[in-house]
Amino acid sequence: MKILKTQVGIIGGGPAGLTLALLLRRQGIEAIILENRSREYVQARVRAGLLEQNTVDIYKTLGVADRLLKEGQQHHGVYLSFNQERVRIPFGELTGGRNITIYGQQEVIKDLTDAWLAGGGEIYFETSATRIEDFETSTPKIYFEQQGQAGVLTCDFVAACDGFHGIGRKTLPASAYQEYTISYPFSWLGILAHVAPSTHELIYAYHERGFALHSLRSEKISRLYIQVDNDDHLDNWPDDKIWQELALRLGTTGWELKTGPIFEKSITPMRSFFTDNMQAGRLFLAGDAAHIVPPTGGKGLNLAVADVKHLADGLQAYYQQNTLETLAAYSATALKRVWRAQDFSHFMTTLFHKQAEHGSYQYQLQKAKFDYIKMSEAYATSIAENYVGLPFEAFEKNI
Ligand code: FAS
Ligand code: PHB
């Protein structure tokens, strides 16, 4: 039996786990990460691409943002399109200069892993946490398996950053939380293509044939998505059919979609999942382990980072001021932003996805929202501040 010991045991080497480990190191708090996949696998996983201002600021503070600032694409606005009519939300102007940066999640993982290891951090790849015990005591234990060898990691606290399918949430007593689930009646077919982006900013488009999103990864790689049925399959989508649909749905007068070789395709269902409590004893959930949002708001990765910022604040208070108070309030603090993100993601999802025929009540409401965006700076500002991410202090305010 392999015996490990540390202050904070972290399950999961994704954005949540790696960011938490680096935040703790900054406070002189020790951590060990157990990651059940290989380093190559985790660093190759194509997922999110939109980083909020808060996330970029946290990575700058951690000193891991050099490549992100050099290679990431900072955006000061976004295009919203409805039936081929396009309007731009200048979020820089509307939010006092807060912006987003487009930078692939796999690049974030590479930068964070390099920084963690370069500073002597321990991460055990291909090591699966199999159960968590004694989390109601002051010495919780994470049992794990590494290439057939059993082991145990004894720690002061467990951070389950192990994603939606991890063991963390399943270890919480069922009585400790209520869960909320929404499954949307559509999915996203996402592609990566070797082609320069057709606009310098993102386009979210409603079209009567369905939603489409134009995003990017660099000056040479575009990232695009289209709404498909939940039972659709990649076999039904040869490249030329994908480009035709994208050109139709994203189109507007005087604009042409560039096409090129597609090198990655995947279909992801749209769903929301939430728990109303993210902790029990000395076990804490963070990121996708506790919540899933539809990617229409670009919030998943950013929520994971915000969760661990709050968790790190609580752990710092314990080790430096010997108080458990901040940790006791972790769920309540994190969930304020989680529900704000869910509301915004639901707004963007229901506004831009085809759910009912043109002329229906649902469609007229969608169109009325879009018409209101065009005429109201207040409404556009609300969208802008949610999209770039509200600053942490915004959640302390009562106007
Ligand atoms: P993650 O799932 O990233 O990481 C959890 C880690 O824990 C994984 O590496 C896993 O291998 C490991 N693990 C699990 N069980 C374990 C065990 N028992 N022992 C050890 N390790 C274990 N978000 C956006 O904002 N925009 C998007 O466009 C977007 N697209 C997405 C597409 C897909 C297909 C998916 C699945 C998610 C997408 N997301 C998107 C959301 C995504 O980016 C997540 O929000 C983000 O990865 C959350 O990070 P973590 O909470 O760290 O969880
Ligand atoms: C992406 O670039 O992958 C992306 C951007 C914005 C979203 C979702 C995904 O809302």
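Predicted model: local features only at pLDDT ≥ 70, side-chain atom pairs only at ≥ 80, totals over all residues.
**Two domains**

Let's start with the overall layout. The protein chain falls into two domains.

| Feature of domain 1 and domain 2 | Value |
|---|---|
| Distance between C-alpha centres | 30 Å |
| Area buried between them | about 1,700 Å² |
| Share of that area from carbon and sulfur atoms | 65% |

In terms of contacts, 21 residues of domain 1 touch 17 residues of domain 2. Which three residues of domain 1 supply more of its buried area than any other three? They are V46, F352 and H353, which together give 36% of the area that domain 1 buries against domain 2.

**Helix 1 and helix 9**

Next, have a look at a pair of packed helices. Helix 1 spans residues 15–26 and helix 9 spans residues 300–321. Their axes are 9 Å apart and form an angle of about 35 degrees, and the crossing is right-handed. On the helix 1 side, the contact is made by P15, A16, T19, L20, L23 and L24. Their partners in helix 9 include L301, A304, V305, V308 and K309. Sorted by class, this contact has 12 nonpolar residues, 1 polar and 1 charged.

**Salt bridges**

How many salt bridges does the model contain? The count comes to 19, with 0 across the interface of domain 1 and domain 2. One salt bridge joins K299 to E52, with their closest N and O atoms 2.5 Å apart. K299 sits in the loop between strand 21 and helix 9, and E52 in the loop between strand 4 and helix 3, so this pair ties together parts that are 247 residues apart in sequence.

Note on methods: Residues numbered from 1 in each chain as written. Chains lettered and ligands numbered in written order. Heavy atoms only, no water. Axes fitted to C-alpha atoms, helices over the stretch in contact; angles between N-to-C directions. Helix = DSSP H or I, 4+ residues; strand = E, 2+ residues; numbered from the N terminus. Left-handed = near helix turned anticlockwise from the far one by under 90°. Contact = heavy atoms within 4.5 Å. Nonpolar A, V, L, I, M, F, W, Y, C, P; charged D, E, K, R; others polar. Domains from an automatic or database assignment. Buried area = accessible area lost by both parts, 1.4 Å probe. Salt bridge = Lys/Arg side-chain N within 4 Å of Asp/Glu carboxyl O.
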